[in-house]
Structure formats: structure tokens, C-alpha cells
Amino acid sequence: MQLLEVNQLSKTYGSGDTAVHALKSASFTLQKGEFAAIVGESGSGKSTLLNLIGGLGTPTSGSVIIDGNDIFSLNDKELTVFRRRNIGFIFQSFHLIPELNVEQNIMFPVLLDSRRPDEKYLDELLHVLGLEERRSHLPSQLSGGQQQRVAIGRALFPRPALILADEPTGNLDSENSREVIRLLKETSQKYSQTILMITHNRAIAQSAERVLRVSDGVLTDLGRCT
Amino acid sequence: MRSYLSLAEISAKAHRRNNRVTQLCIMIAVVLVISVFSMVDFEYMHMTEKLARDHGNWHIVLSHVPKEEAESVWNEADVKAACWYDTFNYRLDQPIYLEGRPICMIGTEESFFTEIMKDTLTEGRFPQNGSEALLNQNAVNVLGCRIGDTVMIQTPAGEYSYTVCGFISDTSYSLAQDALIAVLDYTEFGRMVRANDQSREMQYYIQFKKGLSIKKTIADLKAAHGWTDENVGENIAVLGIMGMSTNNYIVGLYGIAAVLVVIVVLAGVMMISGSLNAGVAQRTEYYGMLRCIGAGKNQIKRLVRREALRWLLLAIPASIAISMLICWFICAVLAYGIGGEWAGMPVGRISWIGIGAGVLVGYITVILAAAAPAKRAAAVSPITAVSGNGDGQNTGMVRLGKASVPITLGVHHVFAKKKNLILMTGSFALSIILFLTFSVMIAWIENSLTTNKSYSPDISLYYSDYSARLSSNLVDDLRSIVGVKNVCGRMHRLTDVENCEKADRIDLISYDETQFAWARADLLRGSIDAAANETGKVIIAFEKGARFELGDTMDVNGKTLTVAALLSDSPFKSDGNPTVICSEETFTEIFGVGNYSVIDLQLKKGFGNETVEEIRSVTDGSMILSDRREGKTEANSTYLAFSVLVYGFLAMVAMITVFHIINSISMSVIARHRLYGMMRAIGMDSDQLRQMITAESLGYGISGCLVGCAAGLPLHAWFYRTVISNYWGIAWQIPWKQLLIIISVVLCSAFVAARGPARRIMSMPVTEAVGSL
């Protein structure tokens, strides 16, 4: 079942002589539960692509359809609510709320949606992420790997259909990186979530089900690795 | 954690130290509002009691109403007290005498002293029969009367003999008139008035019970009896303060409070908004991240507002305590320090109105102040979180020339963000404008409260017809009294003038050397010496719509007078004819009269009633000794209280300015702390960092001064011309002194403001300064 459809997506910064074509007519689709990696050099347009898919920016042309919804046809308010319910973000530098503890950070997006957090699911997630012992700790009291696991938890907790991860292992050592990717894969399978992840790490890219390469703004589907 | 809004509380607790400045801003705003309203409330309490004491605790007075009809009011309304009251020879212009001195007769009932004019009966009791009378305290001073003495009052209808049964206190009016007053039982008074063939006014003073709608009662009574405004007089002072009438004083007071509150709200909004804005600027990525994980714009706005309101909640108890202490201190200074008419200011009372106003205004201020930062936070794009360029706004290119790099960077930061520059400059300029505009009130106090002038007399001597019968020998006798500081005689004549287009009649008054010396303080143009030393040269006091100019001439009694000087003010109230001042030589040359009409005396410090008695002893019995000391003390206390208010307010503006500048710079640094951290990481040392921040801070200060002066000076000029020049003819000048003060305050604050934040940045580990969120 198709979850994400990217059609002729382009993004140009500036105009005239100074125009920078960050993304040129990118098109691809992802199925539900698929785990895909985006690779490419720095400045090739990977982050631009990911941000556009997440509705964090507006494209120069093209469309992004998630679960049948053309996200750029939504107004700002609708897009915010859509993002809150359907897309989970994981950042390279974690971006946790420093004053909230682990479990508060994880359930915060649900609170934003004025819903009661599912305590059972929270416990289960903390168990899967290996954070049970750390649930009352502040981010500053955690290691980088633990912080990224909290960020994964936060992205998973509202049960979004799509998880966008921008170099989630960029700030981690190889052991923690492996652990984070294992968790991402495991949880996405367990909860049937689609993951689109930017990475520079060849090994991690190879562990994905599918690899997309962006070079000078042009997207190439390298197909399935496995 | 039940709602996302709990983040506001958790975040505030975590950043308690960073939020202290904002909390302090809120506290200052709330303290100011509570203080202003409490002081108005305390003044209201004080004035209610004072007005009831001074003007009588009555609400309406019925005049020319038949006795039975007037007394029927008891059955028609909730009357607490009422009594008949009448006067005879109030103006002291009829042949009613006590030992050769004119006396005013009052007829009333005992309740007048127990309910209407409490505390007036200072000794003895109300007359119990027709043979007793109360006298005023002045009778003790002038005639040496005692309780039990028999006094004879002469009237055209014959002599009346009374036994003195007590004394009533003097008012500043009775002292200034040197009046004798006798109070008789109302029936006896009627007998005397009838015998003298005088018509009676028959005034019936009424005090209603509390909680009554007096306006409605008055209207009902008027309608029921067909009474007009002539029949029903209102105690405007007492009703006015109760809000039952229109009274300028209390309306003015509320007006001042309203203006002060608007200024405080403006300053508060400015300060709090500045703090919140800087907090938002510092946390751009934080809000971006919240947007990323699904927070809507309205949710972000609610979070920012919630944070601000939480600080308000925390600031309120301390604010109430501080403002009450401030108010009690001011009340104590007014009551015990200044005294006079402020002696009754309540100390140690709590003003619920003040507290309520403070909380309400605090809430409105915070909501207003949080609006812009909340909008700004909500406008943060979620992409700022993922891009990691939270404070990397495009600030244009800095040109590094030969000048010091840190200073060039600091100046660059001033002009980098136009919006920020406008906000900072505007807020600094606002302080300067406020200070300059309000400083005009100093000139107003100096000019309007004339009794404080050097020439204000303590005692004046004259005959009731102001005839020129006071000799220079008397002046010499008075000068020889120990305790007398100055004695000045004045000749006076209201006279026709010829060959003058600007007036037909003038009040010609002579001055001696001392008075000419005093006049120098009010000199607008010309030469006082010319008028003092040359005959035919005169001085004219300025009047609104001035007519006379230097060199104008007029003929009086065949002698030509030339205007040699113009004064901004004179001690004399003009009744339409210009006041012309000349030397004694000029006056005698015109009229040939050598005697004075009025002699003014000033007493030395520490000399009082005994000296006044000595002065009285050298006067003849028919001379009026007008004692103006009490009126002068009252005016002095008003002057002092107004000075406290004006200087206090100026100090408040200066304090807000200092605090606001320190706060703004601190916030500006916090907003750029990552940039500064990065600069430290690449090798900027503490001196360079301080230089850079100081350059930025002074840059804002200088631009604020320039705009503040450009806008404040025309406003000062306009206000000065409206309030001062129009009434006293003093031309506007650039207020160098005030400018110097406020510019120094701004620049010094800007200089000092840079030090704290620079130290904080230096003491912070580089990694923390450049760290995210």
C-alpha cells in the first residue's frame, strides 16, 4: 500500500543569476512500512527534500502526497495538525526539550494534540527503547545515544505513518549508531511505520530496504539493497 | 504533566535565573500601579476627612426656606443631622463692634459643633441661654478674653452683654481678616438681628445618613417643594469627593492617576516586551522544534503568554508588599515630615483598590507585552530547528576597516537589524521624552505656588478702607521689634492715566529697595535699577495677552511714566487694571502722599505668636493685623507635596530608564550569546568582548538620545509655552540642565549595562554558549 508519493518536486533558492536549484524534479514513492535511506554529498539537496516532504518548507513546484493527502494544499493550521498526527521527526542533534524529562519529552506531541497519552504504550516504548530506568531523567543527564533514543520515542509515540530522520546517527559513535538503527527498524516494523532517513553512513544505508541518492539536486532511485 | 501548557511551568522553573529580569520588570510595573492607585486612595480617604473638617460635614444647605418646610426634611429623607445657621456682619462692614473692633455674629444650634463642624469648639461649651456667647481664638489674642468674662457688643440697636462660655478655633480666613467672631444661641441671634432690622438668610445645614443616594434625594426634595438651586446649596467639596458632584480636585487627581498609569503601562509593556522578545529571540530553535513536533501557532502563543502570566502570579505578592511599604513611607513623610494639610494622611492602611488595580493593570500589561513576542515565537518556522540556523539571521556584511574590530562589530550589531534598532532607540527615546516633558512641571510649581515667593508676607497691616494712613514712623517702630525680619511699606493709588493707548486706569504701587530686590527674581526684560533709582521709570507685571512693552509711556497726574522693566509675576492680583510699580520717590512726586496703605512684615525663623503680639501692641486698635502665616504654611505644605510628587515622578522615570537600558542590553546580549560564544571560540578575549558589547550598548544609547532630543525638545517647548509662557510670560529656553541629566543617565546606564552581560558571557563555558537550545 502506497504511503508517500513525491511528484516532480523542485526547490529553487533565489532568482536570476544567483538562483540555486537545490532540488530538481524529484519523484518517487514509498510503501507503508518501508525503510528507505537517502544518501548524497553535503549540499546535494537531501535535507531540502526531507524538509519538503515534512511540510517544513514550500516547494517551487511539485507535490507531496502522504496517505492520500496533498500536504501543500493544506493551510498552515491544517498542515500543523497533519504533521503532528502523521509525521515524526528525528534530528541529528536530537532537539529534545531540555527542561522536560524522558517520558514528558516522549509524550509531548500527544499533549499538543490535546489527547491523553497512552500510558501502556509509553511503558512499552520505553521498554523497547531501553529507557525504562531513565524515564525521569532530563536530557542533560543522558548520553548522546540515549538522547537519540528519546527522540525516536518522541517521533514514534503519536503513531505517525511516516518518520523522517535527518542523520539520526550523525552525532553518535558506531555502537550507538548501530543500536539506534536497529531500534528504528524494529519499531517501524512492529508499528508498521514508514521511515525515510538521511545518512552519510554507507553501512547504515545498506541496512535500509531501499536507497535513494541525491546529487546536485537530482534524485536517483538506487532500488532495494537487500 | 497533563497538558502541553505545563511546559510553561516546567520551563520557567528550569530557567528561573534567566527569567529574573523579566520578573523584576513585571514587579516594577505592578509596584508602580499599586503605589499610584493606593496613594490616590489614601489621598481620597484623607481628603474626605479633611474636606468634612474644613468645609463642614454637611451635604446640602437650604436658604430662604420657611422654618417648618425646611424641618420637614427630617420626615422626607434619611437625615443624620441638621441645624440652623446664620451670620450677621460677615463682611465686617457694618457698625457692629466689640471693644471698637468690627465683629461677625453667628447664630446656630449646638449640633452645628457636634455634627457639622466637629473639633471647632476648642474650649468651653455651646451657649446654654441667651446671655452666653462663644468667641473665636483671635478674641483671646486681640482682647485677652477668658471664659466667664463679660463682653459688650455694640450694635445700632443698642448694646448687648454676654458671658463668654467658650472659644472656637480660627480659620486661615478669619486670621487673614483679623476678624472677631461671636457665636450666639440661634434664638438670641434672631432677637439681635430683628432688633437691628436686618433681613435673615435662614440657612439650614443638613447631613444625610451614609449610603443614601444624595443626588436622587436632592432631586426629590427639589421636586416635592419646588425648590430651586437658590434654595438648595450643595457642599461641592464633600459631595465631590463622594462622587456625588463635580469637583475639579478629585477629577484632577483621578486624571493624574490615569495619566501615570498609562505611562506605567507603557513603560511596563516596553520593559516586559523587551525581556520576552529577547527570550524568544534566544530560543528561536526551541520554538522551531516545537513547531516541528506538531505545535500550532496558537499553541506557541498560548505557551509564551502562559509563561508571562506565571511570572505575574509570582510577582504579585512581593509587589503588594513592596508597594504598601512605599505608600506607608510616602504617607509618613507627608503626615509627619511635611505636615500642614497633609497631617491627616493615613499611615499603615491597606488600599484594596490599589491592590486590585495593580493586579488588573499587571494582567493587562503582561497580556499586551506578551502579544508581540508570542506572535514572534509563533512565526518561527519549523525549518529553523532542522537547519540549525536559529540566530543566523542575515545581518548584512560588516566592513572591517582600520578601526578596532570589536568596536566595528559592536556598531555593526546596532545597525544590523533595523527593527531592533527602531525598538531600542524608540524605547530609550521614550524615557527622554517623558523626562523632558514632565520636567516642565518643576517650572509650574515654582511659578504657580506664589506664597512661596521671597516677598510673601507673614503679617500685613492696613486699615479696613486701605487709606494711606500708615506712617514711616510706624515702619521704623516695627523694624525695631526683635523677631521681625523685613518691613516693607507700600503706597497705593488706583488712578486714571492719560496719553496711553493700553490702559485707562492703573494700580500704582510704590516699592522700597527690599521689594525691588525681590522683584529681580521675576524680571523678564528691562532694568529694575532704572525704576528703583530714576523717577518717572516704572515696572509692569506681565499679564496674559500682554499689552505693555519696554519704553511705553503714560501720563499720571501730569507726570510722564516710562516702562523700564517687565516682570513675569507680582504679588498683586489684578482686577483688570494693570499693576504699575514705581519707587517711593516717583509716587510722592506724583501724589505728594508720604504715608503707606499697606505694611508687609516677615518674621525671623523661630519667632511666632509673641512677636505678633508685640507687633499688635504698636498698632492702633482700628488697624487690621492680617495674619497670613497659616495660609502660608498650608501653601508651603502644598508646594512641598507637589515637589515630592514631581521630583518623585522624575526620579521614577529616570529609574525606569536605567533599569530598562540595563535590561535591554542584557537581553540583547542573551539573544546573541551563541554568536559571542563562537567569537570566544575563535579567539576573542574578554576585553574585546566587553568593547564590542559596550560599543553596541552606547550605539543604542546615542541613537536613543538623538531621537529623544529631536522629539522631546519640541514637545517640551510646546508644553512649556502652554503651561508656563502663557501665564507668566517666561520665554521657552532649551532645558540644558534637564537634558544634561537625562542624557547622562542614558549614556551612563548604557555604559554600565554592558559590563554585567559581558562578564556573564565570559564566565560561561564556550561549549555552553554555543550549545543548542
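Residues are numbered from 1 along each chain as its sequence is written, and chains are lettered from A in the order in which they are written. Because the model is predicted, local features need pLDDT of at least 70 and side-chain atom pairs count only at pLDDT 80 or more, while totals for chains, interfaces and linings use all residues.

**Figure 1. The two chains.** Chain A has 7 helices and 10 strands, and chain B has 28 helices and 22 strands (helices are DSSP runs of H or I with at least four residues, strands runs of E with at least two, numbered from the N terminus). Of the 226 residues of chain A, 49% are buried; for the 773 residues of chain B the figure is 41%. A residue is buried if 20 or more other C-beta atoms lie within 10 Å of its own, exposed if 12 or fewer, and partly exposed in between, with C-beta atoms placed from the backbone. Among contacts with a separation of 6 or more, residues 24 or more positions apart account for 71% in chain A and 82% in chain B (a contact has C-beta atoms, placed from the backbone, within 7 Å).

**Figure 2. The side of chain A that touches chain B.** Here 25 residues of chain A are in contact with 21 residues of chain B. Helix 1 (46–53), helix 2 (76–86) and helix 3 (102–112) of chain A are the elements that give two or more residues to this side. By class, this side of chain A has 11 nonpolar, 7 polar and 7 charged residues. Ala, Val, Leu, Ile, Met, Phe, Trp, Tyr, Cys and Pro count as nonpolar, Asp, Glu, Lys and Arg as charged, and the others, Gly among them, as polar.

**Figure 3. Helix 5 and helix 6 of chain A.** The axes of helix 5 (residues 144–156) and helix 6 (residues 174–190) of chain A come within 10 Å and cross at roughly 15°. Axes are lines fitted to C-alpha atoms, for helices over the stretch in contact, and angles run from 0 to 180 degrees between N-to-C directions. The two helices of chain A are therefore roughly parallel (under 35 degrees). From helix 5 of chain A, the contact includes Gly144(A), Gly145(A) and Ile152(A); from helix 6 of chain A, it includes Val180(A), Leu183(A) and Leu184(A). The residues of this contact divide into 5 nonpolar, 5 polar and 2 charged.

Figure 4. Arg159(A) sits in the loop between helix 5 and strand 7 (162–166) of chain A. Arg159(A) counts as partly exposed because it has 14 C-beta neighbours inside 10 Å. From C-alpha to C-alpha, Arg159(A) and Ile87(A) are 8.6 Å apart in space, and they are 72 residues apart in sequence.

Figure 5. Most residues other than glycine have a negative phi. Ser25(A), not a glycine, has a positive phi of about 40° and lies in strand 2 (residues 20–31) of chain A. With 14 other C-beta atoms within 10 Å, Ser25(A) is partly exposed. Asp216(A), not a glycine, has a positive phi of about 50° and is found in the loop between strand 9 (210–215) and strand 10 (218–224) of chain A. Asp216(A) has 13 C-beta neighbours inside 10 Å and so counts as partly exposed.

**Figure 6. Helix 27 of chain B.** In helix 27 (residues 755–763) of chain B, Pro757(B), Ala758(B) and Ile761(B) are buried. Seen down the axis, the buried residues of helix 27 of chain B fall within an arc of 100°, so they line one face of the helix (the arc is that of the directions from the helix axis to the C-beta atoms).

Conventions: Two residues are in contact if their C-beta atoms, placed from the backbone, lie within 7 Å. Angles under 35 degrees count as roughly parallel, over 145 as roughly antiparallel, 65 to 115 as roughly perpendicular and the rest as oblique.
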